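Dear colleague,

Here is the structure you were waiting for. My notes follow below it.

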Amino acid sequence: MIEGRYVLTNITIINGKNNRAKPDMFLKIHDGNIEEIGPMANYVPSASREVDMSGYYAMPGLIDAHIHLAGGRGCGLWGDTEILCEPKEVRAMRSVYEAQKMLKHGFTTLRDISWNGLYLKRIFHDKVMPGPKVIACGPGLARSGGHCDSPQLPLEFVKKNHFWAILSDGREECIKNVRRVLREGADQIKFWATGGGNWGTDRITDTHYSQEEMNAICEEAHRIAGTMVCAHCETEETIRMALKAGVDTIEHGEELNEKLAEEMSQKGVILVPTLYLLANWYDFVKTPGSDAPKLIRPDAFLYREADTLLTDQEKNRYHKQVIDSFHLALKKGVKIALGSDTVYEPACEYGEQSMQELKELIKQGMSVDQAIKSATEIAAQACGMAHRVGTIEPGKAADLLLFKENPVENIKMLTDKDNIEYVIVDGKLAVEHGKLAW
Ligand SMILES: [Zn+2]
């Protein structure tokens, strides 16, 4: 068991600041932190335990900046009905499995949007069991009838049982719920500026919060030092409004224009494009076994938009928009963080979807180097944790992945979990050849 004070010797280090591999290094770890790094030529043996890591490569643990440790089980549209009707406790217990599965895939820090994250954060921090660092947004703020309200169920029931949202309408309620979520232990605040395309009144093209509400959320969150705000924005208009309100990260953001991309770049606002999910959106929302999925319509739209089908033409238009927007962000130098938006199995698999996201970032134009930075240094910034994680540097947490091949030269090291030999969290061995180490 690796923990406490020790030195990894003869190791090749990819520190994450640049992705060049430095061979023949030593890495001293103490109390969960990286104490010292240097070439073996300068190594002075001390009383610390030495672990010879000849032939191994170390890189910083990966970070997923957009995930829901929701603990539900569902598929397709309306999957949330079954999930909401399950006891919260069952979901909470499943979320442990989800977080640990992420860890087995090399993700040592997660930015989570769910109630569960608030509690997972504590038990993993206290080392009750192996788990990643959870940067908790708690439940995100959604309007009544918005993304995460499940209008097929009675309102009071949804308010009590939703797993990742807290319904908030109007300036006063937004302020109150920001305070409430922070009180429960959240590190960041999330809100849905547009719908998400899952439920009846949840169109991605509608603006769900007023400028006044967005301003109130940001102002209230930022009142508490270090609290960042992330906004789900799927339209040009809401990206503009959210930037005006002062958000720190934009989630999805598939309708960027030149001016908005420039503004994000200048202000250092981070984009979490959740590219794999959006590029394959129409397949995700398909109910297994059905061909063209029907758009779900609540009572209010029964006559206006009955039996609308998702057409191939619409699918292709949307796909192009997603990719064009991502290219624009890349071109304008917007900081881009990896986020998978994994929500529940079997619709998407924890860990696997994050690795798919890494592949998608490369497939759509990032260099391997850029993609790794998105999953380490930039994702650390999106978590407000760049001072603690994302690179291998003295003073930072010893969150490390160890491989037998250079992951920068062979990306398969990162896109297939079986290639990760060891995962270390806070200096403690957490995963050994795909299995939890304690
Ligand atoms: Zn999400």
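Is D341 buried or exposed? D341 is buried, with a relative accessible area of 9%; buried means under 20% relative accessible area, exposed over 50%, and partly exposed in between (1.4 Å probe, protein chains only).

Please note that this is a predicted model, in which local features need pLDDT of at least 70, side-chain atom pairs count only at pLDDT 80 or more, and totals for chains, interfaces and linings use all residues. Residues are numbered from 1 along each chain as its sequence is written, and side-chain values use heavy atoms, with hydrogens and water left out.

Zinc site. H66 (NE2), H68 (NE2) and D341 (OD) coordinate the zinc ion at 2.1 Å. Donors here are N, O and S atoms within 2.8 Å of the metal (3.2 Å for Na, K and Ca); water is not among the atoms, so sites may look incomplete. The spacing of the donor residues in sequence is H-x1-H-x272-D. H66 lies in strand β6 (residues 62-67) and D341 in the loop between α11 (312-331) and β16 (345-346), so the pair ties together parts that are 275 residues apart in sequence. Helices (H or I, at least four residues) and strands (E, at least two) are DSSP runs, numbered from the N terminus. H66 is buried too.

Backbone. D341 is not a glycine, yet its phi is positive, near 60 degrees. D426 also has a positive phi without being a glycine, at about 50 degrees. D426 sits in the loop between β18 (422-425) and β19 (428-432) and is partly exposed, with a relative accessible area of 21%. The peptide bond from E345 to P346 is cis, with omega near 0 degrees, and P346 belongs to strand β16.

Regards
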